[in-house]
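Dear colleague,

Please find below the structure that I am handing over to you. My findings follow directly after it, and I would be grateful if you could read them alongside the model.

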Amino acid sequence: MNANRLAPSTLETPMKIVVESGSPTPQVESLVADAFGPDRFAKAVYRLRDGVDAEASLSLVAIDKGKVVGTLRFWPVEIAGQVPALLLGPLVTCPERQGEGIGSKLMHEGLARAAAQGHRIVVLVGDEPYYRRFGFHRALARRLELPGWVDPARFLARELAAGALAGVGGMIGRPAGAEREQKAGRAA
Ligand SMILES: CC(C)(COP(=O)(O)OP(=O)(O)OC[C@H]1O[C@@H](n2cnc3c(N)ncnc32)[C@H](O)[C@@H]1OP(=O)(O)O)[C@@H](O)C(=O)NCCC(=O)NCCS
(Lines give C-alpha, C1' and ligand atoms only; values in the text may rest on other atoms or scores of the structure.)
Protein backbone atom coordinates (compact mmCIF):
# COMPACT_ATOMS: atom_id res chain seq x y z
CA MET A 1 0.00 0.00 0.00
CA ASN A 2 1.27 3.48 -0.83
CA ALA A 3 1.54 5.38 2.47
CA ASN A 4 1.30 8.68 0.62
CA ARG A 5 -2.29 7.85 -0.27
CA LEU A 6 -3.43 7.22 3.31
CA ALA A 7 -5.70 9.77 4.95
CA PRO A 8 -3.72 12.20 7.14
CA SER A 9 -5.22 10.82 10.38
CA THR A 10 -3.97 7.28 9.67
CA LEU A 11 -0.46 8.64 9.11
CA GLU A 12 -0.30 10.03 12.66
CA THR A 13 2.16 8.27 14.96
CA PRO A 14 0.57 5.93 17.54
CA MET A 15 0.16 6.88 21.18
CA LYS A 16 3.55 7.30 22.82
CA ILE A 17 4.88 7.73 26.35
CA VAL A 18 7.47 10.49 26.68
CA VAL A 19 9.22 12.39 29.45
CA GLU A 20 7.47 15.68 30.13
CA SER A 21 9.91 18.32 28.97
CA GLY A 22 10.60 21.43 31.01
CA SER A 23 8.05 22.82 33.41
CA PRO A 24 4.60 21.21 33.77
CA THR A 25 2.41 21.86 30.75
CA PRO A 26 -1.08 23.39 31.10
CA GLN A 27 -2.53 20.25 29.48
CA VAL A 28 -1.08 18.06 32.23
CA GLU A 29 -2.17 20.45 34.97
CA SER A 30 -5.75 20.56 33.71
CA LEU A 31 -5.89 16.75 33.41
CA VAL A 32 -4.90 16.46 37.08
CA ALA A 33 -7.20 19.30 38.19
CA ASP A 34 -10.19 17.77 36.37
CA ALA A 35 -9.52 14.33 37.91
CA PHE A 36 -9.01 15.38 41.53
CA GLY A 37 -10.54 18.86 41.90
CA PRO A 38 -9.41 21.65 44.21
CA ASP A 39 -9.62 19.41 47.29
CA ARG A 40 -6.47 17.65 46.12
CA PHE A 41 -4.26 20.27 47.78
CA ALA A 42 -5.62 19.30 51.21
CA LYS A 43 -4.53 15.67 50.86
CA ALA A 44 -1.68 14.28 52.94
CA VAL A 45 0.35 13.43 49.86
CA TYR A 46 0.26 17.03 48.67
CA ARG A 47 2.06 18.07 51.86
CA LEU A 48 4.90 15.86 50.72
CA ARG A 49 4.90 17.49 47.29
CA ASP A 50 4.66 21.08 48.52
CA GLY A 51 7.83 22.95 47.64
CA VAL A 52 9.39 19.88 46.02
CA ASP A 53 9.80 19.29 42.29
CA ALA A 54 8.63 16.02 40.78
CA GLU A 55 11.44 13.77 39.52
CA ALA A 56 11.89 15.35 36.09
CA SER A 57 13.22 12.19 34.43
CA LEU A 58 10.20 10.22 35.72
CA SER A 59 7.50 12.73 34.78
CA LEU A 60 5.75 10.92 31.96
CA VAL A 61 3.01 11.93 29.59
CA ALA A 62 1.03 9.80 27.16
CA ILE A 63 0.55 11.69 23.92
CA ASP A 64 -1.79 10.75 21.11
CA LYS A 65 -2.18 12.89 18.01
CA GLY A 66 -0.53 15.81 19.76
CA LYS A 67 -2.87 15.67 22.75
CA VAL A 68 -1.92 14.74 26.31
CA VAL A 69 -4.11 11.74 27.21
CA GLY A 70 -2.36 10.60 30.38
CA THR A 71 0.16 11.64 33.01
CA LEU A 72 2.23 10.02 35.74
CA ARG A 73 4.65 11.64 38.13
CA PHE A 74 6.89 10.56 41.00
CA TRP A 75 8.15 12.66 43.91
CA PRO A 76 11.23 12.14 46.04
CA VAL A 77 10.52 11.38 49.71
CA GLU A 78 12.43 10.00 52.67
CA ILE A 79 11.37 7.38 55.19
CA ALA A 80 12.30 8.27 58.78
CA GLY A 81 14.57 10.99 57.41
CA GLN A 82 17.05 8.51 56.04
CA VAL A 83 15.74 5.99 53.52
CA PRO A 84 15.05 7.47 50.08
CA ALA A 85 11.86 6.44 48.30
CA LEU A 86 9.50 7.64 45.60
CA LEU A 87 5.91 8.78 46.08
CA LEU A 88 3.94 7.77 42.97
CA GLY A 89 1.17 9.98 41.65
CA PRO A 90 -0.85 11.52 40.39
CA LEU A 91 -1.70 8.97 37.71
CA VAL A 92 -4.45 10.15 35.39
CA THR A 93 -5.88 9.04 32.06
CA CYS A 94 -8.28 11.46 30.38
CA PRO A 95 -11.87 10.22 30.88
CA GLU A 96 -12.61 9.52 27.21
CA ARG A 97 -9.56 7.23 26.90
CA GLN A 98 -9.84 5.21 30.11
CA GLY A 99 -9.83 1.43 29.82
CA GLU A 100 -7.49 1.42 26.81
CA GLY A 101 -4.38 0.50 28.76
CA ILE A 102 -2.87 3.99 28.91
CA GLY A 103 -2.64 3.95 32.73
CA SER A 104 -0.95 0.54 32.63
CA LYS A 105 1.57 1.68 30.02
CA LEU A 106 2.45 4.74 32.12
CA MET A 107 2.82 2.58 35.24
CA HIS A 108 5.03 -0.05 33.60
CA GLU A 109 7.20 2.58 31.92
CA GLY A 110 7.51 4.69 35.07
CA LEU A 111 8.38 1.77 37.34
CA ALA A 112 10.89 0.36 34.85
CA ARG A 113 12.61 3.73 34.54
CA ALA A 114 12.65 4.20 38.32
CA ALA A 115 14.20 0.76 38.86
CA ALA A 116 16.78 1.40 36.13
CA GLN A 117 17.76 4.61 37.92
CA GLY A 118 18.39 2.69 41.13
CA HIS A 119 15.28 3.64 43.08
CA ARG A 120 14.33 0.87 45.50
CA ILE A 121 11.01 1.77 47.17
CA VAL A 122 7.78 3.31 45.82
CA VAL A 123 4.76 4.28 47.94
CA LEU A 124 1.36 5.63 46.91
CA VAL A 125 -2.15 6.33 48.12
CA GLY A 126 -4.67 4.69 45.81
CA ASP A 127 -7.00 1.79 45.17
CA GLU A 128 -5.28 -1.53 45.85
CA PRO A 129 -7.63 -3.36 43.42
CA TYR A 130 -6.04 -1.28 40.65
CA TYR A 131 -2.46 -0.95 41.87
CA ARG A 132 -1.82 -4.54 43.00
CA ARG A 133 -1.43 -5.58 39.35
CA PHE A 134 1.71 -3.44 39.37
CA GLY A 135 3.07 -5.05 42.54
CA PHE A 136 1.73 -2.58 45.14
CA HIS A 137 0.42 -4.02 48.41
CA ARG A 138 -0.96 -2.76 51.67
CA ALA A 139 1.16 -5.21 53.64
CA LEU A 140 4.40 -3.68 52.38
CA ALA A 141 3.39 -0.28 53.81
CA ARG A 142 2.36 -1.53 57.24
CA ARG A 143 5.42 -0.14 59.01
CA LEU A 144 5.27 3.21 57.20
CA GLU A 145 3.35 6.35 58.17
CA LEU A 146 2.16 9.42 56.28
CA PRO A 147 1.88 12.95 57.69
CA GLY A 148 -1.89 13.39 57.90
CA TRP A 149 -4.79 10.97 57.75
CA VAL A 150 -5.22 8.60 54.83
CA ASP A 151 -7.45 5.56 54.60
CA PRO A 152 -5.00 2.82 55.67
CA ALA A 153 -6.43 0.43 53.06
CA ARG A 154 -5.25 2.83 50.33
CA PHE A 155 -1.69 3.33 51.57
CA LEU A 156 0.42 0.95 49.48
CA ALA A 157 4.06 0.21 48.80
CA ARG A 158 6.18 -1.70 46.35
CA GLU A 159 9.80 -2.78 46.38
CA LEU A 160 11.77 -2.18 43.20
CA ALA A 161 14.68 -4.12 44.69
CA ALA A 162 13.94 -7.33 46.59
CA GLY A 163 14.02 -6.78 50.35
CA ALA A 164 14.28 -2.99 50.07
CA LEU A 165 11.59 -2.53 52.72
CA ALA A 166 12.94 -5.15 55.13
CA GLY A 167 13.47 -3.48 58.51
CA VAL A 168 12.37 -0.11 57.13
CA GLY A 169 9.69 1.84 58.98
CA GLY A 170 8.69 5.29 60.14
CA MET A 171 7.24 8.55 58.98
CA ILE A 172 7.50 9.53 55.35
CA GLY A 173 8.65 13.09 54.81
CA ARG A 174 9.97 15.42 52.19
CA PRO A 175 13.63 15.00 51.27
CA ALA A 176 16.03 16.80 53.61
CA GLY A 177 17.20 19.14 50.86
CA ALA A 178 13.64 20.36 50.30
CA GLU A 179 13.19 21.20 53.99
CA ARG A 180 16.44 23.18 53.98
CA GLU A 181 15.51 25.08 50.81
CA GLN A 182 12.10 26.04 52.19
CA LYS A 183 13.55 27.27 55.49
CA ALA A 184 16.13 29.33 53.59
CA GLY A 185 13.34 30.71 51.39
CA ARG A 186 11.33 31.72 54.48
CA ALA A 187 14.36 33.37 56.07
CA ALA A 188 15.20 35.32 52.92
C1 LIG B 1 -7.15 4.93 37.49
C2 LIG B 1 -6.85 5.34 36.06
C3 LIG B 1 -5.55 6.13 36.01
C4 LIG B 1 -6.70 4.07 35.21
O5 LIG B 1 -6.28 4.46 33.91
P6 LIG B 1 -6.69 3.62 32.61
O7 LIG B 1 -5.89 4.16 31.48
O8 LIG B 1 -8.16 3.57 32.46
O9 LIG B 1 -6.15 2.19 33.05
P10 LIG B 1 -5.97 0.90 32.17
O11 LIG B 1 -6.69 1.05 30.87
O12 LIG B 1 -4.55 0.56 32.13
O13 LIG B 1 -6.68 -0.20 33.08
C14 LIG B 1 -8.06 -0.29 33.08
C15 LIG B 1 -8.43 -1.40 34.05
O16 LIG B 1 -8.26 -0.90 35.40
C17 LIG B 1 -9.49 -1.04 36.08
N18 LIG B 1 -9.59 0.06 37.03
C19 LIG B 1 -9.57 1.38 36.79
N20 LIG B 1 -9.68 2.07 37.94
C21 LIG B 1 -9.78 1.14 38.93
C22 LIG B 1 -9.94 1.21 40.33
N23 LIG B 1 -10.01 2.38 40.97
N24 LIG B 1 -9.98 0.05 41.05
C25 LIG B 1 -9.90 -1.14 40.42
N26 LIG B 1 -9.75 -1.28 39.08
C27 LIG B 1 -9.70 -0.15 38.36
C28 LIG B 1 -10.55 -0.98 35.00
O29 LIG B 1 -11.73 -1.56 35.44
C30 LIG B 1 -9.87 -1.79 33.91
O31 LIG B 1 -9.98 -3.15 34.22
P32 LIG B 1 -9.85 -4.30 33.09
O33 LIG B 1 -8.46 -4.20 32.52
O34 LIG B 1 -10.10 -5.56 33.83
O35 LIG B 1 -10.90 -3.96 32.09
C36 LIG B 1 -8.00 6.18 35.44
O37 LIG B 1 -9.21 5.51 35.68
C38 LIG B 1 -8.10 7.58 36.01
O39 LIG B 1 -7.43 8.49 35.54
N40 LIG B 1 -8.95 7.77 37.02
C41 LIG B 1 -9.15 9.10 37.61
C42 LIG B 1 -7.95 9.52 38.42
C43 LIG B 1 -7.56 8.49 39.45
O44 LIG B 1 -8.41 8.02 40.21
N45 LIG B 1 -6.26 8.16 39.47
C46 LIG B 1 -5.73 7.17 40.36
C47 LIG B 1 -5.43 7.76 41.66
S48 LIG B 1 -5.61 6.56 42.93
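E145 is found in strand β6, which covers residues 144–145. The model is a predicted one, and in it E145 counts as partly exposed because 15 C-beta neighbours lie inside 10 Å. Leaving aside residues up to four places away in sequence, E145 touches G170, M171 and I172. The C-alpha atoms of E145 and I79 are separated by 8.6 Å, although the two residues stand 66 residues apart along the chain.

E55 is found in the loop between α3 and β2, and with 18 C-beta neighbours inside 10 Å it counts as partly exposed. Its contacts, not counting residues up to four places away in sequence, are F74, W75, P76 and L86.

Overall fold

The secondary structure of the protein comes to six helices and eight strands. From the N terminus on, the elements run α-β-α-α-β-β-β-α-β-α-β-β-β-α. Of the 188 residues of the protein, 30% count as buried. Among the contacts with a separation of 6 or more, 69% are made by residues 24 or more positions apart.

In soluble globular proteins, nonpolar side chains tend to be buried together. The largest nonpolar core here has 41 residues, and the members that touch the most others are L86, L87, V122, V123, L124, L156 and A157. Two or more residues of this core come from each of α2 (26–36), α3 (44–49), β2 (60–64), β3 (67–79), β4, α4, β5 (121–125) and β7 (155–159). Strand β3 gives the most to this core, with seven residues. For V122, the contacts beyond four places in sequence are A85, L86, L88, L111, A114, A157, R158 and L160.

Helix α4

Helix α4 has 15 residues, which at 1.5 Å a residue should span 21 Å; the end C-alpha atoms are 21 Å apart, so the two values agree. The buried residues of α4 are I102, L106, M107, G110, L111 and A114. Seen down the helix axis, these buried residues fall within an arc of 150°, and they therefore line one face of α4. An α-helix has 3.6 residues a turn, so residues three or four places apart point the same way. What covers the buried residues of α4 includes β1 (16–19), β2, β3, β4 and β5. The face turned away from the buried side carries the exposed residues A112 and A116. Just after α4, G118 takes a positive phi of about 95°.

The ligand site

Which residues are closest to the ligand? They are T93, Q98, G103, S104 and G126, out of 15 residues that surround the ligand. The elements that give two or more residues to this shell are β4 (83–93), α4 (102–116) and α5 (128–131). By residue type, the shell divides into six nonpolar, seven polar and two charged.

Backbone geometry

Most residues other than glycine have a negative phi, and most peptide bonds are trans. A cis peptide bond joins G89 and P90, with omega about 0°, and P90 lies in strand β4. K65, which is not a glycine, has a positive phi of about 50°. This residue K65 lies in the loop between β2 and β3, and it is exposed because 10 other C-beta atoms lie within 10 Å. A80, also a residue other than glycine, has a positive phi near 55°. The position of A80 is in the loop between β3 and β4, where it counts as partly exposed, with 14 C-beta neighbours inside 10 Å.

With kind regards

Technical notes
Residues are numbered from 1 along each chain as its sequence is written. This is a predicted model: local features need pLDDT of at least 70, side-chain atom pairs count only at pLDDT 80 or more; totals for chains, interfaces and linings use all residues. A residue is near a molecule or strand if its C-beta atom, placed from the backbone, lies within 6 Å of it. Helices (H or I, at least four residues) and strands (E, at least two) are DSSP runs, numbered from the N terminus. Ala, Val, Leu, Ile, Met, Phe, Trp, Tyr, Cys and Pro count as nonpolar, Asp, Glu, Lys and Arg as charged, and the others, Gly among them, as polar. A residue is buried if 20 or more other C-beta atoms lie within 10 Å of its own, exposed if 12 or fewer, and partly exposed in between; C-beta atoms are placed from the backbone. Two residues are in contact if their C-beta atoms, placed from the backbone, lie within 7 Å. A nonpolar core is a set of buried Ala, Val, Leu, Ile, Met, Phe, Trp, Tyr and Cys residues joined through C-beta atoms within 7 Å. The expected span of a helix is 1.5 Å times one less than its number of residues. The arc is that of the directions from the helix axis to the C-beta atoms.
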